[in-house]
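Here is my notebook page for today.

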Amino acid sequence: MNVRAVTADEIDQLAKLWFDSWQDAHAQILPAELNRLRTLENFRDRLEAELEAIRVIGPPGAPVGFSMVRHDELYQLYVSAASRGSGVAAALMADAEARLSEAGVKTAWL
């Protein structure tokens with residue numbers, strides 16, 4: 001699997017992937033107020049602000065998963081429902097671990 005840098009024109013697809021995956025994983029267990037704050041636009045804004053920290057898997061223009069590294073942490077990791085169980089998450093994790101190691105991080109957080 002090819003993990004690669006995200007391109008700015010993929011932000012809308014990633015925002016939708018993140019929104020859908022977040023709803024699937026978190027909406028039923030977190031407070032309603034937080035659910036109201038986690039809009040598609042909120043995810044889009046957060047992705048735009050962290051563009052340099054994001055890596056994706058999937059063909060150009062159609063990412064199926066992404067990771068975001070921040071400081072000493074794998075800050076976000078999401079995979080589309082259709083790609084779960086395919087090894088996408090493992091490849092993104094390995095890439096994030098390598099990036100953190102290259103940055104000199106000795107203890108990383110998830």
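I began with Trp 22 and Phe 43, and both are buried (under 20% relative accessible area with a 1.4 Å probe, protein chains only; exposed is over 50%, partly exposed in between). I kept in mind that this is a predicted model, where local features need pLDDT of at least 70, side-chain atom pairs count only at pLDDT 80 or more, and totals for chains, interfaces and linings use all residues. Residues are numbered from 1 along each chain as its sequence is written, and side-chain values use heavy atoms, with hydrogens and water left out.

Next I searched the whole structure for aromatic pairs and found six. Rings of Phe, Tyr and Trp (its six-membered ring) pair if their centres lie within 6.5 Å; planes under 30 degrees apart count as stacked, over 60 as edge-to-face and the rest as tilted. I noted that Trp 18 and Phe 66 pair edge-to-face, at 5.4 Å centre to centre and 65° between the planes. Trp 18 sits in helix α1 (residues 11-26) and Phe 66 in strand β3 (residues 65-70), so this pair ties together parts 48 residues apart in sequence. Helices (H or I, at least four residues) and strands (E, at least two) are DSSP runs, numbered from the N terminus. I saw that Trp 18 and Phe 66 are both buried.

Which residues form one aromatic cluster? I listed Trp 18, Phe 19, Trp 22, Phe 43, Phe 66 and Tyr 78.

Last, I turned to helix α4. Among its buried residues I wrote down Val 88, Leu 92 and Asp 95. After α4 comes Gly 104, with a positive phi near 90°.
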